[in-house]
Protein chains: 2
Amino acid sequence: MAMLSQSHDGHDHQQKKDPDTTPKQVADVISSQDPPHPAKDVAEERARTDWDLKEMHEFLEGDEGKSEQILRLYQSIERDPILQTRPEQFDYTQKQERELVANRINQMSKFLETEPYGKFRRRLQLMTVIDPSLGIRMLVNIGLFLNCVRGNGTQKQFDFWSNKKEAGIVKQLYGCFGMTELGHGSNVAGCETTATFDEKTDEFIIDTPHIGATKWWIGGAAHSATHTVCYARLIVKDVDYGVKTFIVPLRDSRHSLLPGIAIGDIGAKMGRQGVDNGWIQFTEVRIPRFFMLQRWCKVDRQGNVTLPPLEQLSYISLLEGRVGMATDSYRIGARYTTIALRYAVGRRQFSKKAGEPETKLIDYTLHQRRLLPYLALTYAAAVGTDRLERQHEELLANLDIALAKKDKLLLKNTITGTKSMFVDSGSLKSTLTWLAADLINETRQACGGHGYSSYNGFGKTYDDWVVQCTWEGDNNVLAMSAGKTIIKTVQQVLNGKELKDSTLEFLNAAPELSKAKKAVIRIKDHVDDVDRVLKAIAGLISKFSKDLIPISYQSWDSIGAQRVILSKLRCHYYLLETFNDRLNDKIKARSPARPHLENIIKLYYVTNILGPFIDEFLRFGVISPQVAKYITYEYPQKLCANVRPYVIGLTDSFQQPDNFINSLIGKYDGNIYTNYLESVKDVNDPFNYKAPYSEALEAMLNRSALENRERSERAKAAAAILSK
Amino acid sequence: MAMLSQSHDGHDHQQKKDPDTTPKQVADVISSQDPPHPAKDVAEERARTDWDLKEMHEFLEGDEGKSEQILRLYQSIERDPILQTRPEQFDYTQKQERELVANRINQMSKFLETEPYGKFRRRLQLMTVIDPSLGIRMLVNIGLFLNCVRGNGTQKQFDFWSNKKEAGIVKQLYGCFGMTELGHGSNVAGCETTATFDEKTDEFIIDTPHIGATKWWIGGAAHSATHTVCYARLIVKDVDYGVKTFIVPLRDSRHSLLPGIAIGDIGAKMGRQGVDNGWIQFTEVRIPRFFMLQRWCKVDRQGNVTLPPLEQLSYISLLEGRVGMATDSYRIGARYTTIALRYAVGRRQFSKKAGEPETKLIDYTLHQRRLLPYLALTYAAAVGTDRLERQHEELLANLDIALAKKDKLLLKNTITGTKSMFVDSGSLKSTLTWLAADLINETRQACGGHGYSSYNGFGKTYDDWVVQCTWEGDNNVLAMSAGKTIIKTVQQVLNGKELKDSTLEFLNAAPELSKAKKAVIRIKDHVDDVDRVLKAIAGLISKFSKDLIPISYQSWDSIGAQRVILSKLRCHYYLLETFNDRLNDKIKARSPARPHLENIIKLYYVTNILGPFIDEFLRFGVISPQVAKYITYEYPQKLCANVRPYVIGLTDSFQQPDNFINSLIGKYDGNIYTNYLESVKDVNDPFNYKAPYSEALEAMLNRSALENRERSERAKAAAAILSK
């Protein structure tokens with residue numbers, strides 16, 4: 001896997017001799033050279049850290065309690081012999097990975113039984129970063145399955161399945177989430193599995209009518225799950241009431257499949273090999289009527305159907321998945337910027353002047369420009385997703401109170417909050433999971449060939465990660481939906497409506513912003529003013545949306561690409577607003593952390609918002625053309641230079657321990673080469689210098705001449721005989 | 001792996017009832033619904049193809065002979081029991097994959113012995129698309145190793161190692177390419193392995209002085225190679241002459257390691273698991289003086305060193321790797337646009353109106369906008385890389401003639417051609433391998449969840465692919481180098497030099513173009529004029545370069561990002577120029593293929609060049625702001641609509657057979673769901689409904705209560721006793 005050097009390019013050779021190939025006197029001939037000292041470089045740069053790591057970590061995580069809980073959990077995971085990571089796990093086959101994950105589920109279930117649920121969920125969230133397969137296998141049960149029961153079932157139904165049947169502690173039951181079908185992913189309302197009421201027996205008949213309705217991708221179905229919540233069309237007396245939810249047992253207590261249930265393993269996947277995704281076909285499977293989840297829609301003994309007025313509220317708890325993926329994006333970003341920046345400080349390549357030591361990668365302008373915007377994004381994502389998490393928790397709590405107390409005003413507010421939550425979670429989930437995928441890719445490339453080694457973590461994480469862009473709402477579909485809401489909201493505001501209790505309240509300024517003729521950012525100084533930048537984003541969203549309203553009357557479809565852009569802008573507004581508020585609230589003016597965070601916030605919005613969307617900002621006259629080049633080239637370079645000296649401290653501030661980061665070149669001590677070579681040797685014993693199939697290889701190399709192998713039957717002698 | 005539906009988003013629910021959840025009368029209750037008919041949809045759209053597939057394929061491949069050879073090779077590969085693909089191979093472990101590759105190498109070596117070399121190279125190029133590990137394992141020997149011997153060795157040295165020792169047919173010897181070190185990737189001239197001349201014994205001593213100089217990533221070293229070409233610093237009489245090349249035996253004819261050679265397996269990687277990459281450390285390994293490759297640099301018996309005047313020519317043959325990666329980008333693009341577009345025609349999701357059949361994915365505007373620019377890019381990459389391949393072959397042939405005939409003029413031209421080739425191959429390799437990675441990612445996401453299944457091909461290809469962005473010249477390093485040459489070339493032209501026999505001749509217009517005050521593209525009609533678009537790109541390159549010249553005097557490093565952009569623009573100029581020329585040369589005015597290619601070329605440059613670089617085009621006044629929105633939104637949409645009806649025919653024109661495309665949802669017949677489910681069942685027998693580790697899983701679910709497992713020692717009764 002050789003890297004053919006750039007320095008050999010003819011062009012440079014024409015200009016001058018490369019200093020490294022000029023004959024020069026050397027002290028001695030063999031083994032006289034000084035080895036690289038990456039750990040020394042990293043330690044020196046670490047010493048520059050002039051702020052309190054604890055203060056910075058609390059800033060990122062939101063408060064002291066959460067910060068401390070996370071640090072204790074890192075420690076607990078690092079010490080746990082089953083939960084901790086090991087380099088050899090990167091070599092695991094699918095079978096080994098699935099078994100490892102099953103062991104971890106077992107271990108996690110013991111914590112679930114004994115520690116406070118909030119702490120357990122945080123543990124699971126952290127484990128999800130280092131073992132996404134474990135994360136999803138547990139979340140399928142305690143997240144999707146139980147959240148669906150919670151959202152769609154009555155309180156008693158939830159108590160029964162979660163507590164009495166113990167699915168809530170992964171005991172007795174293991175639920176999976178039977179939503180997606182082979183022919184239906186995004187369009188859940190179009191699912192074709194049927195649940196037909198049989199009045200005679202007071203049962204539902206669950207049935208897969210054809211191949212397209214085969215339940216597909218169902219996590220945990222292949223081998224783990226005993227039950228599924230099945231999304232199926234409710235059919236009563238030949239009337240189709242649309243898709244409702246039903247608990248369907250799949251396996252008995254001996255884990256054998258029940259009659260009428262056909263299940264298979266989906267097999268190999270790009271990533272998350274540790275998950276036993278399956279497909280399910282139901283053939284006239286009968287379940288009692290009371291297995292239907294009936295918080296909203298009800299069917300009585302006589303087959304009378306009561307339809308739900310507030311069914312959309314059932315989805316609030318399922319949004320937990322999207323919120324979690326936004327948060328995951330932050331932690332993944334922290335993990336990979338830490339690896340790439342430690343490597344960039346320890347790794348040297350090419351000398352800037354003959355005779356000088358080689359230059360650290362991080363001292364190349366382009367290298368800074370590639371990595372530091374992602375570091376800044378990660379800071380913004382930390383605070384933004386922390387807010388989203390709290391916003392979602394509050395909403396769930398309010399819904400429970402509103403329903404329990406029958407508080408109509410609170411219920412109304414909850415519905416408004418739900419609307420905001422759909423836009424915010426959809427926009428943050430899609431924007432941040434995409435950006436995290438880009439971040440993993442860019443940080444990997446920034447580590448050159450070593451980024452391609454499994455033991456440095458990039459490959460597996462990328463493969464495990466990217467499904468986040470597809471599941472629980474395809475990113476493009478989610479972003480288009482968020483964009484649609486934004487356009488409609490702007491339209492309503494332009495028509496005189498005032499938004500209240502909505503996170504989109506900043507759009508109340510749309511009438512004024514959309515009419516503004518003067519650009520919001522006109523001179524260089526304006527770029528330093530965060531409030532002005534927020535106003536510029538709001539201005540762009542307002543003008544862009546207003547521009548699209550007339551087209552939307554003809555065809556929402558035709559403005560799909562524009563809706564995606566609006567969703568991304570909304571995400572960034574959310575992140576920047578939160579970052580700015582928290583900086584003002586939590587970091588004192590004289591805190592040594594403050595100047596660093598001020599650089600970071602600027603780097604974030606200049607390189608992640610103003611730069612990437614510059615053509616839109618210019619097109620709508622929100623930014624003046626005179627500052628365009630400043631925004632896209634000059635200022636980012638200056639901001640990168642400001643942040644550059646502190647990259648070790650700024651990544652140390654994420655406080656992720658070595659075992660969690662799980663990368664040989666990304667360890668705290670910066671001892672890149674030794675850590676890397678020694679572990680590679682541990683995992684791949686050099687004593688095995690022959691392949692298991694070496695015999696075949698040697699036989700090929702030592703084969704006899706073609707003529708012999710052809711029994712000399714094409715030789716001249718043969719020709720002489722055969723031609724006669 | 002459920003996809004939480006967008007259609008449930010509260011927002012839409014507020015507006016109107018979803019048609020799919022409105023109660024409606026149904027004919028019957030169970031199994032009454034019509035299954036999806038994707039094959040019918042694909043067949044209907046295929047019938048629209050109104051051009052000759054043969055003519056189109058010849059257009060893409062360059063000529064009739066090449067087109068026919070490729071079609072025959074597809075057939076040969078598809079029929080060959082060892083070379084053909086099978087779905088179960090996606091489940092292979094690293095061990096299985098390596099063994100499969102070894103078997104394929106064996107099979108390929110038999111073709112190598114018997115078929116013309118040109119045909120074999122084409123076979124290998126095609127095999128590289130379906131089995132990149134096979135590709136690189138063979139290319140390490142017959143490409144890198146032997147090309148290095150050819151480029152750096154004398155004719156007799158090459159004959160000896162390639163023919164007499166039979167490395168050229170993968171017999172007796174198997175060479176690997178010992179260039180990269182643990183501490184040195186891009187900076188080959190900085191390699192630290194030493195080759196010290198011992199006058200007493202007339203030998204070189206090959207030595208690894210420290211951990212950083214460990215040869216790393218060496219493909220084939222772990223288990224296959226018997227020899228390596230070792231890049232090491234030539235040290236004679238305490239003088240370091242820089243990095244030269246030496247043949248060093250690693251294993252004897254019994255495949256045992258030779259003394260002084262330490263080798264280990266690099267282990268798991270993101271992709272290309274089938275390659276046995278290794279690390280090598282040399283400890284005072286002695287080789288005879290005549291194992292040094294001495295076409296250029298020579299060391300005589302007395303230790304007198306002759307230094308090479310034309311050493312850069314030794315790299316021409318090694319550029320083959322970069323040229324090949326550019327071509328691979330086309331074939332990978334063809335493979336994945338074919339899969340995604342067949343799926344987009346067969347797959348339906350959401351109805352546009354209640355009661356209507358669901359809409360084909362390809363009929364969504366955003367879906368067209370996501371995929372069709374990549375289809376157009378693939379056409380451009382086909383013709384562009386075909387030209388690059390021919391350009392490289394011609395250069396190699398001329399070099400051989402020039403050296404054999406000592407033809408000084410031809411040698412001078414070859415040197416000029418080499419300079420062009422460095423820029424062109426560097427710029428095309430970096431730009432196209434990046435774009436191909438994006439293409440695989442976008443086409444995967446466009447297939448939703450099914451894109452994540454291994455059996456549809458995306459995951460493995462992505463993982464195998466992305467190392468192309470790093471090896472044989474890191475893309476950023478290559479692009480910066482190409483960009484530097486472009487800036488210097490513009491500078492020379494501005495200073496009055498005229499370029500001759502260079503592919504950069506279009507920059508002779510730089511003085512005029514860089515001064516132009518009027519935009520090249522000012523009105524919509526201008527966008528339809530290919531010559532004008534070429535002029536606009538040349539204009540942008542000229543103005544951009546001119547702008548950077550003063551900064552380059554202070555610091556090349558500070559304009560790294562800009563140099564990368566220039567390299568990308570140069571690649572696109574090359575592709576567009578070639579596409580346009582070939583369209584004019586080869587496709588008759590009345591050919592039914594012509595209007596389709598005219599749409600494709602426009603879609604290519606509007607969405608891949610003008611759109612993505614619009615902010616630069618605007619900043620330098622090459623495009624007028626009035627047409628910006630037309631270029632970024634309106635015209636792409638129109639061009640997509642023009643191309644959309646013919647997507648099946650346009651991908652059929654690549655003529656890649658099913659076995660080559662190797663994707664269950666991407667087959668010719670479009671029978672997505674049946675092909676997919678049946679093969680998944682074949683590979684993962686549903687009879688195995690319990691996991692191998694099921695016992696542990698069941699034990700967890702059926703565990704007794706926590707109190708029992710704690711031996712009731714925390715119970716009240718215990719408390720009563722223990723508290724006394």
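So, to start: in which helix is B:Asp159 found? In chain B, B:Asp159 is found in helix 8, residues 155–164. When I say helix, I mean a DSSP run of H or I with at least four residues, while a strand is an E run of at least two, and both are numbered from the N terminus.

Quick housekeeping. This is a predicted model, where local features need pLDDT of at least 70, side-chain atom pairs count only at pLDDT 80 or more, and totals for chains, interfaces and linings use all residues. Residues are numbered from 1 along each chain as its sequence is written, chains are lettered from A and ligands numbered from 1 in the order in which they are written, and side-chain values use heavy atoms, with hydrogens and water left out.

Okay, back to B:Asp159. At 31% relative accessibility it counts as partly exposed. The cut-offs, with a 1.4 Å probe and protein chains only: buried is under 20% relative accessible area, exposed is over 50%, and partly exposed is in between. Along the chain, B:Asp159 and B:Glu203 are 44 residues apart, and their C-alpha atoms are separated by 22 Å.

Now let's zoom out to chain A. Its secondary structure comes to 25 helices and twelve strands. The radius of gyration is 30 Å, close to the 27 Å that the globule rule gives for 724 residues, so chain A is as compact as a globular protein of that length. That radius is taken over C-alpha atoms, and the rule is 2.2 Å times the number of residues to the power 0.38. If you want a box, the C-alpha atoms fill roughly 100 × 90 × 65 Å along the principal axes.

What about the inside and the outside? Of the 724 residues of chain A, 65% count as buried. Chain A exposes about 25400 Å², and carbon and sulfur atoms supply 51% of that. Those areas are Shrake-Rupley with a 1.4 Å probe, and for residues only the protein chains shown count as cover. Contacts, meaning heavy atoms within 4.5 Å, are next. Taking those in chain A with a separation of 6 or more, 74% come from residues 24 or more positions apart.

Charges: chain A has 95 positive and 89 negative ones, and their mean positions are 3 Å apart. Lys and Arg count as positive, Asp and Glu as negative, and His and the chain ends are not counted. The place of a charge is NZ of Lys, CZ of Arg, CG of Asp or CD of Glu.

On to annotations. UniProt, in an unreviewed entry, puts "domain: Acyl-coenzyme A oxidase N-terminal" on residues 53–164 of chain A. That span is 81% helix and 0% strand, with its end C-alpha atoms 45 Å apart. The unreviewed entry also has "domain: Acyl-CoA oxidase C-terminal" covering residues 553–702 of chain A. There the chain is 66% helix and 0% strand, and the end C-alpha atoms are 74 Å apart. Bear in mind that UniProt positions are in the numbering used here, feature names are shortened, and annotations may be inferred rather than shown by experiment.

Let's look around helix 7 of chain A. In the loop between helix 6 (117–130) and helix 7 sits A:Asp131, which is buried at 3% relative accessibility. Setting aside neighbours within four places in sequence, A:Asp131 is in contact with A:Val101 and A:Arg104. Helix 7 itself, residues 132–152, holds A:Arg150, partly exposed at 35%. With the neighbours within four places left out again, A:Arg150 is in contact with A:Phe158 and A:Arg295.

So which elements do the buried residues of helix 12 of chain A pack against? Helix 7, helix 9 (320–346) and helix 11 (408–446) of chain A, plus helix 11 (408–446) and helix 12 (458–465) of chain B. Seven of the eight residues in helix 12 of chain A are buried, including A:Tyr462 and A:Trp465.

Most residues other than glycine have a negative phi. B:Gln655, though, has a positive phi near 60°; it sits in the loop between helix 20 (647–652) and helix 21 (658–661) and is partly exposed at 25%. For B:Arg711, phi is near 55°, positive as well. B:Arg711 is in the loop between helix 24 (706–709) and helix 25 (716–722) of chain B, and at 64% relative accessibility it counts as exposed.
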